[in-house]
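Open the model in your viewer and keep the selection tool ready. We will go from the whole chain to single side chains.

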Amino acid sequence: MNKKEIIELLQTNHDILIDWLEKQPKEIWEKGPSDKWTTGQHVLHLVNSFQLLNKALNFPRFFLKHKFGLCNRETRDYDTVVKNYQNKLKGNEDKARKFNSKLKKPSLKSRKNTS
């Protein structure tokens with residue numbers, strides 16, 4: 001994928017997420033399954049990730065090559081990335097649990113009211 005395709009895909013998925021959030025009961029913002037993230041935590045994670053990615057996409061290409069080098073393998077498809085991510089989580093459950101215990105829980109007041 002090139003930069004333009006990534007931006008378009010992110011915008012499309014952002015629109016889908018906002019539409020989904022507007023249809024959800026506000027109560028689920030602060031509540032989630034036991035030992036799982038709340039809807040607010042998922043959204044906060046996505047916002048933080050999106051901001052970092054947006055920042056990286058604005059760096060000049062030569063800077064990114066200098067800092068991270070060139071990829072030495074074939075591009076992975078989405079399913080492969082998800083599978084690898086889930087395998088890493090399984091192998092690091094204690095670290096993930098520790099990280100999740102410190103994750104901020106956004107309040108309902110911090111959620112933009114949708115009516």
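Start with the whole chain. Residues 24 or more positions apart account for 61% of its contacts with a separation of 6 or more; a contact means heavy atoms within 4.5 Å. This is a predicted model, in which local features need pLDDT of at least 70, side-chain atom pairs count only at pLDDT 80 or more, and totals for chains, interfaces and linings use all residues. Residues are numbered from 1 along each chain as its sequence is written, and side-chain values use heavy atoms, with hydrogens and water left out.

Switch to cartoon view. The chain has five helices and zero strands. Both are DSSP runs numbered from the N terminus: helices are H or I with at least four residues, strands E with at least two. The radius of gyration is 17 Å, well over the 13 Å that the globule rule gives for 115 residues, so the chain is more spread out than a compact globule. That radius is taken over C-alpha atoms, and the globule rule is 2.2 Å times the number of residues to the power 0.38. The C-alpha atoms fill a box of roughly 45 × 35 × 25 Å along the principal axes.

Colour by pLDDT, the predictor's confidence in each residue from 0 to 100. The chain mean is 84, and 97% of residues reach 70 or more. Select helix 4 (residues 78–91): its mean of 91 is the highest among the elements. Helix 5 (residues 93–101) has the lowest, 81.

Next, select Asp19 and Lys23. They form a salt bridge, with the closest N and O atoms 3.1 Å apart. The rule asks for a side-chain nitrogen of Lys or Arg within 4 Å of a carboxyl oxygen of Asp or Glu. The count for the model is one. Both residues lie in helix 1 (residues 3–23), four residues apart, about one turn. An α-helix has 3.6 residues a turn, so residues three or four places apart point the same way.

Is Lys23 buried or exposed? Lys23 is exposed, at 61% relative accessibility. Asp19, at 38%, is partly exposed. The classes are buried under 20% relative accessible area, exposed over 50%, and partly exposed in between (1.4 Å probe, protein chains only).

Move to helix 3 (residues 61–68) and pick Phe63. Phe63 is partly exposed, at 31% relative accessible area.
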